[in-house]
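Please look through the sequence and the model shown here before reading on.

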Amino acid sequence: MLSGWRDVMARQPWRISAKLLIISSVVTVIGFSAICVNVMLDMRRGEEALARQTLENLATTIESDVNRNVEIYDLSLKAVASNMLLPELATVSKTIRHLILFDHATTAKHFGAIQVFDAEGRLTIDASTLDPLAENRSEEDYFRVHRDNPGAGLFISRPMLFRGAYSIVLSRRISDTDGGFLGVVAGSIRFSYFHELFERLNLDPEDTITVLKRDRTIMMRRPFDLDIIGTNLNDRRTWRADNLRAGDSYSGQGPVDPTPRLYVRSGGSGPLFVVAGKPLAAVFELWQKEAYRIGAVVLALALFVLASTLVLAREIGRRAEAERKLEEMATTDALTGLKNRRKFDSVIDTEWRRAMRQKVPIALLMIDADHFKAYNDTFGHQAGDQVLVGIAICISDSVSRAGDCAARYGGEEFAVLLPNTSATNAFKVAETIRLKVQGWSDDQAMSTVSCGIASLVPDAGMDWPVLVAAADKALYAAKAGGRNQSVVASLPQLSLVA
């Protein structure tokens, strides 16, 4: 007696130590993992912050350059609009008039010549020639805006083909001393300016630079795509303006293409703003390499510390997997993946009792492959198996409710149990299955199916074989009627309705 008690006491510390070892190993691994994850997240945030700062500087620099050129060109437009009110313009020659209007106008290879249009939209003065060709721009947006809105100020048009080159048009209203509309002075900045500006930048191929108006119209984008230029992001239902506010950043899929990027918007107040984007894969490329290296080291240590724990977990997992496979083998048909006859009998018994208690209908479809024996004899058993698999797929695609049960009843015969389903709805499901199999048969030279349908509300004293017998009888009627059809059994008389 005393010896047995000593044996128990001798074994008890070992049990406690084993538990403590497992707990301490798990706690140690969790602690090291938490530290590792925290360090890697800090590194990730650092990489993102660095990329955000770089993109912010880039967007701000480009915005400053673009808006400075717009401002310089606008000064020329203002000067021309103001000089157009000088009374002596009507008395001097065209050459002198050009000197008065355009002598101080900004000129650059990317700036289009300034033009003056009268109140009817006719071109009257062109900085590039003394005798401009007849031209009318009264239908252009920039003309109508100034004509209808005296306070429009500087108007920047959508990107357009202007004087033979893709450009953005800058325009101002010419008003008399009383505010009356006299016309419009307009000029352009060609796309070549943006192309040259972007080419000077050291960008990766997937980096994006987008120049937009305040109304979120895309004026220019790198990489260049004419289908995108001129698009207004307010028209994109999947993109909200709050995603990217002035001076803010956004990570994820943008409004133009599906590539996830880090986008940073410039915070200036000029007429145009810039959004710079960099793929998230490129932003975190170095971080990912370092994270993989650190993660590999920590993983190796964790595997070493938890070796004994993993052995125990593996054994438990093997037992659970074996039980799952046994359950699957016991209830699933190996060829088709549907429930087998044993599982079907169990389900129909349960559902029959539930339908009897709740006084709701229960429907059964009996489905049989047409001419299957002839097909099997002609093409072989392997081809016949493929037909059965195809029919099973069509059945699975058509039966989607949680309580429905599709099973291989035996051989080439299938059964579909539909709880709480009327004969009409069961017929629709049967026709869906039959038509799917027929459509597949047309493509694959496979068999069609015949369907027998029965639906009833179980009464006390009835048993589910009554439902199976009725569906079977309907199936035989479908076969006798020419196959490839669905027949509903009318209960309790078991008369048949096609």
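## Phenylalanine 284 and its contacts

Leaving aside residues up to four places away in sequence, phenylalanine 284 touches Arg44, Glu47 and Glu48, where contact means heavy atoms within 4.5 Å. The C-alpha atoms of phenylalanine 284 and glutamate 48 are 7.4 Å apart in space, although the two residues are 236 residues apart in sequence. Phenylalanine 284 lies in the loop between α5 and α6, and with a relative accessible area of 5% it is buried; the terms used here are buried for under 20% relative accessible area, exposed for over 50% and partly exposed for what lies in between, with a 1.4 Å probe and protein chains only.

## Basis of the model and overall content

This is a predicted model, in which local features need pLDDT of at least 70 and side-chain atom pairs count only at pLDDT 80 or more, while totals for chains, interfaces and linings use all residues. Residues are numbered from 1 along each chain as its sequence is written, and side-chain values use heavy atoms, with hydrogens and water left out.

The chain has 12 helices and 17 strands, both taken as DSSP runs numbered from the N terminus, with helices being H or I of at least four residues and strands E of at least two. Of its 498 residues, 41% count as buried. Among the contacts in the chain with a separation of 6 or more, 59% are between residues 24 or more positions apart.

Strand β14 (residues 413-419) is largely enclosed by the rest of the structure, because 7 of its 7 residues are buried. In a regular strand the side chains alternate between the two faces of the sheet. Here Glu413, Ala415, Leu417 and Pro419 point one way from β14, whereas Phe414, Val416 and Leu418 point the other way, and all are buried.

Two strands are taken to pair if DSSP finds at least two bridges between them. Strand β12 (residues 362-369) runs antiparallel to β14 and is joined to it by 7 bridges, with alanine 363 standing opposite leucine 418. Strand β13 (residues 405-410) also pairs with β14 in the antiparallel sense, over 5 bridges, and cysteine 405 has leucine 417 as its bridge partner in β14. The hairpin of β13 and β14 has 2 residues between the strands, and glycine 411 in this hairpin takes a positive phi near 60°.

## The five-stranded open sheet

An open sheet is formed by 5 strands in the order β8-β7-β11-β10-β9, with antiparallel pairing. Its edge strands, each pairing on one side only, are β8 (218-222) and β9 (249-253). The twist averages 20° from one strand to the next, where axes are lines fitted to C-alpha atoms, for helices over the stretch in contact, and angles run from 0 to 180 degrees between N-to-C directions.

Strand β9 is joined to strand β10 (residues 260-265) by 5 bridges in an antiparallel arrangement, in which serine 251 has leucine 262 as its partner in β10. Helix α4 (residues 191-199) lies across β7 (208-213) and β8, and runs at about 35° to β8.

## Pocket and cavity

On a 1 Å grid over the protein atoms alone, a cavity is a set of points where a 1.4 Å probe fits but cannot get out, a pocket is an open set with protein on both sides within 12 Å along at least five of seven lines, and lining residues have an atom within 4 Å of a point. Grid points are joined across faces, edges and corners, and a volume is the space filled by probe spheres set on the points.

The largest pocket holds about 330 Å³ of space. It is lined by 18 residues, of which Ala51, Thr54, Asp204, Asp207 and Lys278 are the closest to its centre. Helix α1 gives the most to this lining, with 6 residues. The count by this rule is 1 cavity of 30 Å³ or more, and the largest cavity holds about 200 Å³. Of the 16 residues lining the largest cavity, Leu233, Trp239, Leu244, Pro255 and Val275 lie nearest its centre, and β7 gives the most to the lining, with 3 residues.

## Backbone features in loops

The peptide bond from arginine 222 to proline 223 is cis, with omega near 10°, and proline 223 is placed in the loop between β8 and β9. Arginine 216, in the loop between β7 and β8, has a positive phi of about 70° although it is not a glycine, and is partly exposed at a relative accessible area of 22%.
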